[in-house]
Amino acid sequence: MTLRILGHRLPRSRHAAKSLLLCTITLALAVVLAPQSQAATEHFALTSPTIHSGSVMPDENVGLRDDCHGGNRSPALAWSHAPEGTASYAISMADLDAKVGVVWLWMMFNLPPTTTSLPANAAADATLLPAGAAQSRNGFDTVGYSGPCPRKGKIPHHYLITVWALNAGHLTFKNGTPAQTVAIFLRRHALGHASLTPFYGTH
């Protein structure tokens, strides 16, 4: 049995397999380490001064219900390098580990294309929002932000916080439209998205 690589026939041996693996790794590293233009290295990114992927959700952003006594404040967020042609932004937050499927904790839309950040607690204070911004009804039947609060003693849940760059401007959805309805539109009209994934659990 033989292998054919770039037109050359090689014996199918342990030595040949190792050589092939080494060649593949070398080529992969060459691609990764090759110099790139600034435009290529810049990409749509979401950041927060208090929330980081793989880290525990701060108490100020935890829910205020059941066994949770958090601040229930929406997080401060900032984003950069949005795709060209972005006409508006939306923000969403979903519980990825809910037993009933994805549960939306927060959905905000109709953020103007000039918006690059949201201050903390913007979901509860309209004076902190740009004109025209609206929010959906979340999975806990409230309009706005409902912070994480998984059941006591369960494994920590992961929360996906996402900024969506959309190719559509002002959405016709009303304030209080169910988050799952808006989510379908976001997936269809997104030019790009960037996310953070913190986690939280109660003891």
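**Close-up views of a predicted model**

**View 1. The open sheet β3-β4-β7.** Three strands form an open sheet in the order β3-β4-β7, and their pairing is antiparallel. β3 and β7 (117-118) are the edge strands, each with a single partner, so one side of each has no neighbour in the sheet. The model shown here and in the other views is predicted. Strands of a sheet pair through backbone hydrogen bonds, in either a parallel or an antiparallel sense.

View 2. Three bridges connect β3 and β4 in the antiparallel sense. Among the residues involved, T47 has A78 of β4 as its bridge partner, and A45 has S80 of β4. The antiparallel pairing of β4 and β7 rests on two bridges. Here L77 stands opposite L118 in β7.

**View 3. The two faces of β4.** Which residues of β4 lie on its covered face, and which on its uncovered one? L77 and W79 make up the covered face, whereas A78 and S80 make up the uncovered one. In a regular strand the side chains alternate between the two faces of the sheet. A78, on the uncovered face, is the bridge partner of T47. S80, also on the uncovered face, is the bridge partner of A45. On the covered face, L77 is the residue opposite L118 in β7.

**View 4. The disulfide C68-C149.** The model has one disulfide. C68 and C149 form this link, with their sulfur atoms 2.1 Å apart. The link is right-handed, with 95° about the S-S bond. Are the two cysteines buried or exposed? C68 is buried because its relative accessibility, 2%, is under the 20% cut-off. C149 is buried as well, with a relative accessible area of 11%.

View 5. D95 belongs to strand β5 (residues 88-95). D95 is buried but has no salt bridge. How far away is the nearest side chain of opposite charge? That side chain is R65, at 6.7 Å. The side chains of D95 and H157 are joined by a polar contact of 2.9 Å. Leaving aside residues up to four places away in sequence, D95 touches G101, V102, V103, L105, H157, H158 and Y159.

Note on methods:
Residues are numbered from 1 along each chain as its sequence is written. This is a predicted model: local features need pLDDT of at least 70, side-chain atom pairs count only at pLDDT 80 or more; totals for chains, interfaces and linings use all residues. Side-chain values use heavy atoms; hydrogens and water are left out. A disulfide is a pair of cysteine sulfur atoms within 2.5 Å. Buried means under 20% relative accessible area, exposed over 50%, partly exposed in between (1.4 Å probe, protein chains only). Helices (H or I, at least four residues) and strands (E, at least two) are DSSP runs, numbered from the N terminus. Lys and Arg count as positive and Asp and Glu as negative; His and the chain ends are not counted. A salt bridge is a side-chain nitrogen of Lys or Arg within 4 Å of a carboxyl oxygen of Asp or Glu. A polar contact is a pair of N or O atoms within 3.5 Å; within protein, one must be able to donate a hydrogen and the other to accept it, and residues adjacent in sequence count only if both atoms are side-chain atoms. Contact means heavy atoms within 4.5 Å. Two strands pair if DSSP finds at least two bridges between them.
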